[in-house]
Amino acid sequence: MVKNFREPLSVDDQITFECLSFGSHPRAHIRWCIEGVAMDSKDVVTGNGNITTSYHQRRISSQDDGKELVCIVNNPNIPSLVLKQSHTLIVLYKPEILINIQDVSSNSITEDSNVTINCNIRSNPKRSEAIWFFEGNNILNSPNMQVRDEKLSIHGMKRTHAGNYTCEAANSEGFSKASIYVDVKYAPVCQDIEISAKHSDEHNKDVANVTCNLLSNPGNVTFYWMTRNSSSNHTWSTGLDSYTLVELDESIVELLCWGRNAVGLQKSACTMMCQDPTEDHFDINTIFIITFVALISFVIFLVTCRKILHQNDQKDSTVENKQVIGLKGKFKGTI
């Protein structure tokens, strides 16, 4: 095997390997193999058939690093005599990264589960330490997340942990990164209960259109409802529909809704206090009457105070007049 190239090789190098055989009659047959797999080649015969040169042309890839290239020569009339010469290829390449979730599918992760993400890296020469990112932010060790170079362990997954995880590494040949999206499944949680409209039904009773807004993954949710008051509880389901009609037949009604999906049942229901519109009107009238009575009382109080003050002024005036008359009498007797 003629070594007409310089190592180490680099990715995408175009190399022509040569294997030369001479002295065989009839001419030798030459084959090329890598890891036991036959490769294409082209033979040229010279020296009146005495010299056979075989050429194997190859574009170098990172997968060639460390593989053994073998040239095999034999005389077809002497099958038991086989000559071999091999060469181990050395190829430089930037890190190649394969990222995966250990032991579970990326679509079967639920809240509170523990997850390990592997960052499998091949490189030549040796690569730098792996760096981890979540949604573009560098991941540092914390009680929930532990980084050990090629492994990222997440303890007690939360729905906020759903997103893109990226592993990066570099060496003298370049920089590489790979990402994986982690989807976290969770049971429904409450956003709010929304009343979109109030109106009267055919029996002239006040009803409200109510929507139960939940967060869930997956989003295929069965909805349950309850009205609660001092005398009874009423429960029903609206299936996959998030809305319902509620009859406002009491002054105050506590309305609850919750859901169930493939992960499980919602832990805490959404609650809302609904007030009958007629009671709103009654309360306004009551406030108006109380305000009016208070105003009248205040006016009466002012009038009474004014009258008392006027009477006191008159008494003071009478006393003063008597005192003046007495003083005049004294002055008169003295003269």
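I109 stands opposite V184 in strand 18. Strand 18 covers residues 184–200, and two bridges join this strand to strand 10, the two running parallel. Strands here are DSSP runs of E with at least two residues, helices are runs of H or I with at least four, and both are numbered from the N terminus. Two strands count as paired if DSSP finds at least two bridges between them.

The model is predicted: local features need pLDDT of at least 70, side-chain atom pairs count only at pLDDT 80 or more, and totals for chains, interfaces and linings use all residues. Residues are numbered from 1 along each chain as its sequence is written, and side-chain values use heavy atoms, with hydrogens and water left out.

**Sheets and strands**

Strands of a sheet pair through backbone hydrogen bonds, either parallel or antiparallel.

Strand 15 pairs with strand 11 and with strand 14. Four bridges join strand 15 (residues 151–154) to strand 11 (residues 115–124), and the two run antiparallel. Here V115 stands opposite I154. Strand 14 (residues 145–148) is also joined to strand 15 by four bridges, again antiparallel. In that pair, V147 stands opposite L152. Strands 14 and 15 form a hairpin with two residues between them, where D149 takes a positive phi near 50°.

**Salt bridges**

How many salt bridges does the structure hold? There are eight. A salt bridge is a side-chain nitrogen of Lys or Arg within 4 Å of a carboxyl oxygen of Asp or Glu.

| Pair | Distance |
|---|---|
| D64 and R58 | 3.0 Å |
| K158 and D112 | 2.9 Å |
| R127 and D149 | 3.4 Å |

Next comes burial. Buried means under 20% relative accessible area, exposed over 50%, and partly exposed in between (1.4 Å probe, protein chains only). R127 is buried at 17%, whereas D149 is partly exposed at 26%. Salt bridges that share partners join R127, D149 and E150 into one network.

Is D64 buried or exposed? D64 is buried, with a relative accessible area of 2%. R58 is buried too, at 17%.

K158 is partly exposed at 35%, and D112 is partly exposed at 49%.

**H87 in strand 8**

H87 lies in strand 8 (residues 78–88). Its relative accessible area is 18%, so H87 counts as buried. Which residues does H87 touch? Leaving out residues up to four places away in sequence, H87 touches M1, K3, F5, E7, K67, E68 and L69. Contact means heavy atoms within 4.5 Å.

**Helix 1**

V293 lies in helix 1 (residues 277–334). V293 is partly exposed, at 45% relative accessibility.
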